[in-house]
Amino acid sequence: MGVWAGGVGCGRFGPHRADPGSCEGRLVQLGRKCLRSGLDGRHSHAGAAAHWAGAGGVARPARGLGAGAAEAAPARGLGAGTRRGGARSFKARAGCMGRRRHLADAAGALPEAIAALSRSLPAGPSPEIFRRAKFDRPEAAPALWRLLFRVLSLLRADRASASRAPEAQARWVKAALRAQGYPRLGLARLPEDGSQGSRELLLALAWLLAREPLPERLLAQTRVRLGDEMPVCECGALASPGQPAPRVDTAGPVDVRRLQWLMGKLRFRWRNLMASQQEQCALLGKIHAYTRGCHGDRSLGHLSVAETELLRDPEGGRQLLQRLESENARLEAALEWRRRELVFWQWMDTVLGACPPEASQPTFPPRLRGRGRRAGAWGPVAWELQALQEELQAAVGARRAAWAARVGGQGPEWSAARQAAQEAVGRELAALRQAWARGGGRAQPHRPHRLVRTEAGGPGGPGLRAAEVIGVLRSREACLEEMLCQLQEQCRQQLARLAGALPGLIWIPPPRR
Amino acid sequence: MEFRKLKELPVQVVIKQKLDDRPIVRNNRLGCSRRLVAELQDALDTCAERQRQLEQSLRVSRRLLRAWEPAETPTPEPTPGPETNEEAPSPACTPSPQDLKELELLTQALQKAVHVRKGISKAGKRDNASSLKSGSIATSATTAAAPHWASQTKLPRGTRQATRPAKGLPKPRLLSAGDQTCAGRGPLAAKPGPGLRDPQKAPSAAPQAPEAFTLKEKGTLLQLPMAFRKAASQNSCLWAQLSSTQTSDSMDATTSSKTQFLQKMQVTSGWPSSRLSAAEVEAEVGRLQKACSLLRLRMEEELTRDPKDWMQEYRGLLTLEGLQAIVGQCLHRLRELQAEESGKEVPGCHPRRPHSTVLTEVVEQQLGPWPEERPPMASLPCGGGADPTWSPQLLLYSSKQELQTLAALRLRVDMLDQQIHLEKVLMAELLPLVSMQEPLGAPQLALCRAVHSLLCEGGQRFLTILRDEPAD
């Protein structure tokens with residue numbers, strides 16, 4: 001611990017700067033003294049603590065001094081509070097002791113912070129791995145590859161990648177990080193067999209952690225859901241706006257009748273879904289009604305399917321309880337991590353400092369291959385925007401002409417009114433822009449809500465009312481139907497134009513519903 | 001008839017194939033429909049997945065509403081708690097594993113028999129008699145077996161002990177598991193619970209029909225086990241704490257050190273920082289898409305509005321002009337993004353250092369697998385509550401009809417979303433196809449007919465094409 005503090009004090013840690021030689025030397029001396037005096041350290045913690053030394057040079061001798069140095073630390077009242085008793089006498093030894101004590105406190109917190117972090121992440125490695133990664137030790141690399149893979153695949157909700165060979169996992173991790181915009185080239189250069197590069201991987205992990213609250217996000221994704229939930233947000237659960245993965249099964253040209261068949265199949269599945277959904281709602285309603293008054297939480301009032309199921313099936317209930325408890329443990333770890341993470345970031349600065357600087361590639365076009373795949377992604381958006389532009393042009397043209405005809409002689413108050421109108425419209429449009437500029441402006445009803453059955457006339461507690469949501473959904477439905485009709489009308493017109501060009505044929509449209 | 005006749009006519013359609021994969025049409029075939037089929041298949045898969053999930057929850061719910069089977073794992077434990085345990089003497093001699101297995105099979109068979117009989121007979125008395133009869137046969141077996149069911153291999157004693165207060169039969173749970181007394185649940189104790197564990201009590205306690213536990217009748221008497229309740233409340237408490245630390249964001253030192261770290265990473269890295277990552281580009285394209293639909297909505301609104309006075313007319317005009325300007329900007333941004341992407345693909349247009357060429361290849365090789373990954377960014381925003389905040393809020397409903405309406409509307413909105421997306425894809429793929437054909441051949445007509453139905457009628461109705469032959 002003391003050696004860590006010394007290394008830290010030597011200019012790599014936080015705001016305190018001590019002259020490099022003296023602190024280290026003094027601490028090493030102290031350590032040796034303790035060793036000579038036959039103090040027995042607590043080897044495990046002592047070893048680990050001493051190993052967190054910032055300077056690489058200090059690390060090796062620290063190994064041998066592990067016991068002694070660590071004993072010196074608690075003897076000086078640094079580190080864990082439990083070991084505070086003891087050797088105030090050591091306090092007088094070094095001049096920069098007070099400062100070092102603060103640093104060593106922080107230093108002691110580092111392994112704990114990292115331990116909290118690993119507990120809150122799935123597949124988190126031990127703090128020892130992190131320490132080794134700082135010195136770019138090869139044995140730390142596989143664990144960090146696995147962790148990155150696990151974290152990234154959870155983040156991207158990519159279920160298919162669960163079972164891959166380590167090399168494939170490493171490649172995937174590189175691709176995923178690059179897609180997110182990871183800035184360092186060093187990662188791309190790493191060999192995929194997991195034989196080296198732990199420091200680079202540590203930096204990648206820290207990069208991910210710095211960008212967003214990673215443990216919380218992962219926990220939210222794998223959250224144990226106790227209630228019957230219904231999503232309320234407007235994100236289309238079924239529409240797939242992204243580019244679908246190109247399939248290789250349809251090798252040749254496709255018959256249009258196949259398309260018709262697929263559409264019919266889709267319609268059939270819709271009908272099935274609707275019927276199943278209705279049945280499920282009926283059953284849910286019954287279960288909620290029958291278990292009135294059973295829940296401890298008064299605001300809920302009745303049990304959900306998951307809770308009733310756990311009563312019916314003890315084995316399943318046991319598993320649910322286990323999952324809940326492990327989630328609780330991870331939540332506690334995440335809270336602890338939040339409290340302690342400052343030391344981690346300070347330490348990461350030192351790790352970054354320990355890296356050799358990368359050669360910059362100023363004119364390096366690091367684009368992904370397979371750009372052709374994404375060419376399709378531009379298509380719809382560009383096409384729609386262009387269509388919109390054309391329509392607007394036509395509309396504006398017409399209106400301008402009409403307006404120009406009207407604006408004959410308007411008085412001086414006209415210009416003031418015009419100004420006001422311009423400002424008002426400007427504000428409106430700016431507000432409109434906000435709607436898509438922010439990532440999801442309407443964040444309120446974004447989470448899935450737990451269904452709770454209440455009495456019809458009751459005041460009800462906090463929560464969304466189904467009637468409101470139904471209203472919103474109806475308006476959205478009307479809007480979408482309108483849009484669909486418009487699109488179909490467009491097609492009809494275009495096809496009619498084509499039909500008009502064909503002489504000698506009569507086109508009889510199907511009866512409109 | 002017509003269709004078939006048309007189909008038989010031979011047609012030679014030759015279209016020059018261009019490099020940017022223009023569609024080829026031969027007979028009814030569409031050369032460039034891989035994307036269409038892929039999209040449709042995607043839609044089908046999403047539906048199938050949702051159906052699967054629904055059916056799973058349906059299974060669970062149906063099972064809950066039926067009569068509950070007695071659980072395989074036995075509760076009776078030698079504690080002074082639930083009454084069923086009184087009968088189970090702990091210190092019986094331990095039969096051999098084989099005996100245990102046989103006993104287990106026997107009791108299961110007897111349980112089945114009881115169920116069958118219960119199912120057949122309506123009145124409780126006959127159930128009672130039969131169960132008593134079968135119970136008496138098995139009494140000796142069950143009394144011996146009851147405490148020793150616990151020693152089945154699938155249930156280690158440790159967990160059993162630990163979770164016994166938490167889990168168990170519905171009946172003991174009715175007796176508020178965890179409580180050491182049966183206070184307040186006395187009258188219930190008189191009624192034997194489901195299954196064969198109780199027949200030995202049946203003579204002693206009030207001999208009522210061992211009814212199976214149904215949610216309908218006794219649902220309100222359930223109570224969640226203590227351990228679970230504690231864990232659940234702790235869970236919500238922790239989530240609340242976590243979200244409050246998130247939103248409070250009072251740790252400025254931490255935030256600033258994080259941003260500093262990110263900046264340092266960028267500065268010390270090899271990539272130039274002005275580039276947008278793939279994820280960011282996707283996000284931007286998604287935003288532009290959203291912008292497009294919002295702008296269109298606004299335009300529709302404006303166009304359908306009827307101005308009553310010149311002021312409103314003026315405002316309408318200004319709005320439309322403003323919208324036009326914004327659309328122009330969006331298009332410009334899109335073209336910028338496109339250019340940025342494709343511009344980088346052109347090799348050799350930048351002066352490169354020798355080793356960087358190798359690095360490019362290395363990097364591009366490493367990133368080979370990227371094309372197979374579907375970018376989930378577009379679909380992730382609402383990925384199952386990715387919002388790392390507190391536990392879900394409540395959605396209150398008051399009747400089954402309301403819930404059904406709600407769910408049906410949600411499904412309909414999702415369906416419409418999907419339909420609109422498919423419609424756009426179809427339009428993009430099929431319209432060019434149809435419009436560039438020489439239209440007189442018969443297969444083209446069949447194709448037109450099919451395309452019309454797909455695009456304009458959702459594939460449900462077809463138009464009719466008649467040849468206008470002069471009757472001569």
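Tutor: A nonpolar core is a set of buried Ala, Val, Leu, Ile, Met, Phe, Trp, Tyr and Cys residues joined through side-chain atoms within 4.5 Å, where buried means under 20% relative accessible area with a 1.4 Å probe, protein chains only. This is a predicted model, in which local features need pLDDT of at least 70 and side-chain atom pairs count only at pLDDT 80 or more, while totals for chains, interfaces and linings use all residues. Residues are numbered from 1 along each chain as its sequence is written, chains are lettered from A in the order in which they are written, and side-chain values use heavy atoms, leaving out hydrogens and water.

The largest nonpolar core here has 80 residues, and among those with the most contacts inside it are A:L266, B:L215, B:F228 and B:L406. Helix α14 of chain B, residues 400-435, gives the largest share of this core, 17 residues; helices are DSSP runs of H or I, at least four residues, numbered from the N terminus.

Now look at B:F228. Leaving aside neighbours within four places in sequence, B:F228 is in contact (heavy atoms within 4.5 Å) with A:L226, A:E307, A:L310, A:L320, A:L321 and A:L324.

Back to α14(B): its axis and that of helix α18 of chain A, residues 466-500, come within 9 Å and cross at roughly 20°. Axes are lines fitted to C-alpha atoms over the stretch in contact, with angles from 0 to 180 degrees between N-to-C directions. Because angles under 35 degrees count as roughly parallel, α18(A) is roughly parallel to α14(B). The residues of their contact divide into 20 nonpolar, six polar and ten charged.

Note on methods
Buried < 20%, exposed > 50% of the residue type's maximum accessible area, 1.4 Å probe, protein only. Helix = DSSP H or I, 4+ residues; strand = E, 2+ residues; numbered from the N terminus. Parallel < 35°, antiparallel > 145°, perpendicular 65-115°, else oblique. Nonpolar A, V, L, I, M, F, W, Y, C, P; charged D, E, K, R; others polar.
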